[in-house]
Amino acid sequence: MLQPLAARNTYDLKFRSDAARIQGVSRLKGLEGLTVTPCDRSVVVTVLYLNFEVDQGLVARVLSQYGTVSDMRWVTYQEGELKGILNGKRQFRMVLKREIPSFLFIGGSEAHIRYFGQPRTCFRCSEEGHEAMSCPNRRCGKCLQVGHEKAECPNEVRCNLCGGGGGTCLVPAPLRTQPVPVRMWGQHMSPRSQAQNL
């Protein structure tokens, strides 16, 4: 994906895979009059429609299954009467090890995931090639199995971190509760702190 930047004759070029990046950079470096500067391989992942009550550390832990999370922030409105108020979006800077589906269950809540270059996947089953309206697979948000939906689920709750049943996580407690070492982007308060200051 080629995107022009603010500086004149400067472009940001993103590749879909490491193999394509390595091949593309080697080809571009051979062109006369062109300077190639490899950049940070991180992407900004935006998490939408997730309940404010879901802990930021849990979101970072779930996302860390797909790569290394380095920064996180709550996003606020940038102008108007709501300037500075949280808008419900969270952002995480990550170096991806594998693609993140467009939709994840995090802390029992449904979250939409977006980032530049993300392959579009079905919100129901996380597979590529079709959208939720024509999805032949139904994935349950309670037991995480394909074939039925949450409202008709006969199974016990499954953890989306470890897949453990009974509503308990099989990841050892120190690892589960230990925060992913991530620094905050900016000085935004958590929703709970912001509500207490109203």
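Start at Tyr49, which you'll find in the loop between S3 and H2. This is a predicted model, and in it Tyr49 has a positive phi of about 60° although it isn't a glycine. Is Tyr49 buried or exposed? Tyr49 has a relative accessible area of 61%, and exposed means over 50%, so Tyr49 counts as exposed.

Now step back and look at the whole chain. The protein has four helices and eight strands. If you walk along from the N terminus, the elements come in the order β-β-α-β-α-β-β-β-β-α-β-α. There are 198 residues in the protein, and 33% of them count as buried. The accessible surface comes to about 12900 Å², with 51% of that belonging to carbon and sulfur atoms. What about contacts between residues at least 6 apart in sequence? Of these, 49% join residues at least 24 apart.

Next, follow the strands. S3 and S7 run antiparallel and are joined by three bridges. One place to look is Leu48, whose bridge partner in S7 is His112. S7 also pairs with S6, again in the antiparallel sense, over four bridges. Here you can pick out Ile106, with Ser109 as its bridge partner in S7. S6 and S7 form a hairpin with two residues between the strands, and in this hairpin Gly107 takes a positive phi near 60°.

While you're looking at strands, here's a handy rule: in a regular strand, side chains alternate between the two faces of the sheet.

Let's go inside. In soluble globular proteins, nonpolar side chains tend to be buried together. Here the largest nonpolar core has 21 residues, and Leu63, Phe92, Met94 and Ile100 are the ones with the most contacts inside it. Which elements give two or more residues to this core? They are strand S3 (43-48), helix H2 (56-63), strand S4 (67-76), strand S5 (86-96), strand S6 (103-106) and strand S7 (109-114). The one that gives the most is H2, with four residues.

Nonpolar residues turn up on the outside as well. Tyr77, Leu82 and Ile85 form a nonpolar patch on the surface, and together they have about 260 Å² of accessible area. Take Ile85, which sits in the loop between S4 and S5. Why doesn't Ile85 count as buried? Buried means under 20% relative accessible area, and Ile85 has 37%, so Ile85 is partly exposed.

Terms used
Residues numbered from 1 in each chain as written. Predicted model: local features only at pLDDT ≥ 70, side-chain atom pairs only at ≥ 80, totals over all residues. Heavy atoms only, no water. Core = buried A, V, L, I, M, F, W, Y, C linked by side-chain atoms within 4.5 Å. Buried < 20%, exposed > 50% of the residue type's maximum accessible area, 1.4 Å probe, protein only. Patch = residues over 30% accessible without salt bridge, like charges linked within 9 Å, V, L, I, M, F, W, Y side chains within 5 Å. Areas by Shrake-Rupley, 256 points an atom, 1.4 Å probe, with all protein chains shown as cover. Salt bridge = Lys/Arg side-chain N within 4 Å of Asp/Glu carboxyl O. Contact = heavy atoms within 4.5 Å. Pairing = 2+ DSSP bridges.
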